[in-house]
Amino acid sequence: MTSPEKRTPAGGPGRVGKASCGWEVYQSSPVDRLLSRLEGVKQTGPGRWLARCPAHQDCSPSLSIKQCDGGVILLHDFAGCGAADILAAVGLELRDLFPRDYGRHGSGPRPDWQRDRIQAALDHEDLILEIARADLAKGKTLSADDRSRALQARDRARVLRRKLHARH
Ligand SMILES: [Zn+2]
């Protein structure tokens, strides 16, 4: 006689446990919440997606989405829509780009929000640069706007990196 199979409650590794902190608990990660509301989503690499921007008439996907370490999501729209507008178009807010437990891991010192924000901004500028480089590598010509944004990103990234290291 075989022992009856144990039925484990539904819920995979993505499931969040108890909300002892009283914060709202989502079973899906912020990026899932965002991607499920966008159209034309295409994964371009680990933690990277392209989608049609919901904030303007986007025929070819021009919204780039990147999930960074720690679950923070960065958005960049090549038509120039701001992250707040993009999120508003799908009923989300900027804070939805951050995991609910962001900076609340472990019992270490208080999370350094300033540092996290600098890092997130730096990742964003790096992403813009990366996309510009990828376009150039594909033989595409950057528009004047994209080119000046890429140059701006390079300068901003330099400043941000300096700030980040000055804080150590
Ligand atoms: Zn847009």
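Among contacts in the protein between residues at least 6 apart in sequence, what share join residues at least 24 apart? Hello everyone, let's start there. The share is 50%. Please keep in mind as I talk that this is a predicted model.

First, the overall layout. The protein has 4 helices and 4 strands, and from the N terminus they come in the order α-β-β-β-β-α-α-α. There are 168 residues, and buried ones make up 20% of them.

The 4 strands form an open sheet in the order 1-2-3-4, with antiparallel pairing. At the edges sit strand 1, residues 39–45, and strand 4, residues 73–77, and each of these pairs on one side only. From one strand to the next, the twist averages 20°. If you look at strand 3, residues 63–67, you will find 5 bridges joining it to strand 4, and the two run antiparallel.

Next, the core. The largest nonpolar core has 20 residues, and the members that touch the most others are L63, I65, I73, L75 and I86. Strand 2 (48–52), strand 3, strand 4, helix 2 (83–89) and helix 3 (113–137) are the elements that each give two or more residues to this core. Helix 3 provides the largest share, 4 residues. So where does the core lie relative to the domains? Domain 1 (26–106) and domain 2 (112–168) both contribute residues, so the core lies between them. As a general background point, nonpolar side chains in soluble globular proteins tend to be buried together.

Setting aside neighbours within four places in sequence, I73 is in contact with P30, V31, L34, I65, Q67 and L97.

Last stop, helix 4. This helix covers residues 144–166, and L151 is found in it. Helix 4 has 23 residues and reaches 33 Å from its first C-alpha to its last, close to the 33 Å expected at 1.5 Å a residue. Which residues of helix 4 are buried? They are R149, A153 and L160. L151, in contrast, counts as partly exposed, because it has 13 C-beta neighbours inside 10 Å. Between L151 and A132 there are 9.7 Å in space, C-alpha to C-alpha, and the two are 19 residues apart in sequence.

Technical notes
Residues are numbered from 1 along each chain as its sequence is written. This is a predicted model: local features need pLDDT of at least 70, side-chain atom pairs count only at pLDDT 80 or more; totals for chains, interfaces and linings use all residues. A residue is buried if 20 or more other C-beta atoms lie within 10 Å of its own, exposed if 12 or fewer, and partly exposed in between; C-beta atoms are placed from the backbone. The expected span of a helix is 1.5 Å times one less than its number of residues. Two strands pair if DSSP finds at least two bridges between them. Axes are lines fitted to C-alpha atoms, for helices over the stretch in contact, and angles run from 0 to 180 degrees between N-to-C directions. A nonpolar core is a set of buried Ala, Val, Leu, Ile, Met, Phe, Trp, Tyr and Cys residues joined through C-beta atoms within 7 Å. Domain bounds come from an automatic or database domain assignment. Two residues are in contact if their C-beta atoms, placed from the backbone, lie within 7 Å.
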